[in-house]
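Hi there,

I am passing a structure on to you, with a few notes on what turned up in it. Please have a look when you get a moment.

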Amino acid sequence: MSSLDPAHIVGTGGAIGALCRHFVSERIDADEFPVGTLTVNVIGSFVLGLVTFLSLGDQLGLLLGTGACGSFTTFSSFSFETFRLWETGERFRAATNAIGNLVGAVIAIALAWGVVQLLG
């Protein structure tokens, strides 16, 4: 594979990740709890774990890791939604969201590591 401009690689991955994020948010209802954000953060952590543990190379790492996973996952939405839940008195949901994102992401990364170990 020829060496491409890193900005183009990240930008292309970012476009892919943003479109996937939009697809998920269109299909997951989040009236009471931000399930969409939790979903993309856990899936994105799994994919980033795979990309990292498989050592796919610099260009694929930029495309999938930095670009796609970077735009697919969303720390800012997670933070805002957690704060909004807390601010509106939904303290249990806010704590559940915070813990769910953290624990879910760590479990997803551990699962990615396990998958890579099985493949290797």
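Helices here are DSSP runs (H or I, at least four residues), numbered from the N terminus. Ser-45 sits in helix α2 (residues 35-53). This is a predicted model, in which local features need pLDDT of at least 70 and side-chain atom pairs count only at pLDDT 80 or more, while totals for chains, interfaces and linings use all residues. Residues are numbered from 1 along each chain as its sequence is written, and side-chain values use heavy atoms, with hydrogens and water left out.

Back to Ser-45: its relative accessibility is 14%, so the residue counts as buried (under 20% relative accessible area; exposed is over 50%, with a 1.4 Å probe and protein chains only). Apart from neighbours within four places in sequence, Ser-45 is in contact (heavy atoms within 4.5 Å) with Thr-73, Ala-105, Ala-108 and Ile-109.

Searching the whole structure gives 1 aromatic pair. The ring centres of Phe-75 and Phe-78 lie 5.5 Å apart with planes at 55°, so this pair is tilted (centres within 6.5 Å; planes under 30 degrees apart are stacked, over 60 edge-to-face, the rest tilted). Both belong to helix α4 (residues 75-87), and because they are 3 residues apart, about one helical turn separates them. Phe-75 is exposed at 63% relative accessible area, whereas Phe-78 is buried at 14%.

Finally, Ile-99 is in helix α5 (residues 91-119) and, at 54% relative accessibility, counts as exposed.

Best wishes

How values were computed. Helices (H or I, at least four residues) and strands (E, at least two) are DSSP runs, numbered from the N terminus. Rings of Phe, Tyr and Trp (its six-membered ring) pair if their centres lie within 6.5 Å; planes under 30 degrees apart count as stacked, over 60 as edge-to-face and the rest as tilted.
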